[in-house]
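Good morning. I have one structure to go through today, so please look at the screen.

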Amino acid sequence: MTSSIIVEPDLGIRRLQRLIIRQVVGTDEIVEVRSIAEALPIYASRHFNFAMVDISRPTDELRELLEISRKKQRSPVIAFTTAAVTRETLQLLVSDHVFAVFPKPFDLEAVIESVGSALSAEKAGTLHPRFFGFLQRGEEEQ
């Protein structure tokens, strides 16, 4: 059985992410939570083949989630943000294995393409620990 997790406070975006995961990942189960704090015990206790995570408010909880992802999950993470990504956050993402970062509102086709690429990289064994991420718009804050 394959399972994915969505960590997103906005119900409308969660619905769209659920459609993307069902269409591209073909997962059997999708767990949806509203915050990283809510996701941590679930993410730490079971395996997920794919994750979509809102990183709009970087905290120590984000560090913990990414550490679990790197050490235990070893599966693709697609991140979404509502604000410009700071240098500190970008360094955190690069040091872990976030596959791609998209600012909201995100380009649906670009997300679908990135999800497909992440899954292909995982199957080829080239996903971890290499960073494939990119920012769709703008530069990180100085």
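By class, the residues that line the largest pocket are 5 nonpolar, 3 polar and 4 charged. Keep in mind that this is a predicted model. The space in the largest pocket comes to about 160 Å³. Which residues line the largest pocket? They are Val7, Pro9, Arg34, Ser35, Ile36, Ala37, Asp54, Ile55, Ser56, Arg57, Thr59 and Glu61.

Ile36 and Ala37 of H2, together with Glu61 of H3, are among the residues that make the contact between H2 and H3.

Helix H2 covers residues 36-45 and helix H3 covers residues 60-73; their axes are 10 Å apart, at an angle of about 20°. Angles under 35 degrees count as roughly parallel, so H2 is roughly parallel to H3. The crossing of H2 past H3 is left-handed. From H2, the contact also takes in Ala39, Leu40, Tyr43, Ala44 and Ser45.

Helix H1, residues 11-25, and helix H5, residues 108-124, have axes that come within 10 Å and cross at roughly 45°. Is that parallel or oblique? That angle makes H1 oblique to H5. H1 passes H5 in a right-handed crossing. On the H1 side, the contact is made by Leu16, Ile20, Gln23, Val24 and Val25. On the H5 side, it is made by Leu108, Val111, Ile112, Val115, Gly116 and Leu119. The contact of H1 with H5 has 9 nonpolar residues, 2 polar and no charged.

Last, a point about the backbone. Most peptide bonds are trans. Where in the chain does proline 105 sit? Proline 105 is in the loop between strand S5, residues 98-103, and H5. The peptide bond from lysine 104 to proline 105 is cis, and its omega is near -5°.

That is the end of my part.

Notes: Residues numbered from 1 in each chain as written. Predicted model: local features only at pLDDT ≥ 70, side-chain atom pairs only at ≥ 80, totals over all residues. Heavy atoms only, no water. Axes fitted to C-alpha atoms, helices over the stretch in contact; angles between N-to-C directions. Helix = DSSP H or I, 4+ residues; strand = E, 2+ residues; numbered from the N terminus. Parallel < 35°, antiparallel > 145°, perpendicular 65-115°, else oblique. Left-handed = near helix turned anticlockwise from the far one by under 90°. Contact = heavy atoms within 4.5 Å. 1 Å grid on protein atoms, 1.4 Å probe; cavity = no way out; pocket = protein on both sides within 12 Å on 5 of 7 lines; lining within 4 Å. Points joined across faces, edges and corners; volume = space filled by probe spheres on them. Nonpolar A, V, L, I, M, F, W, Y, C, P; charged D, E, K, R; others polar.
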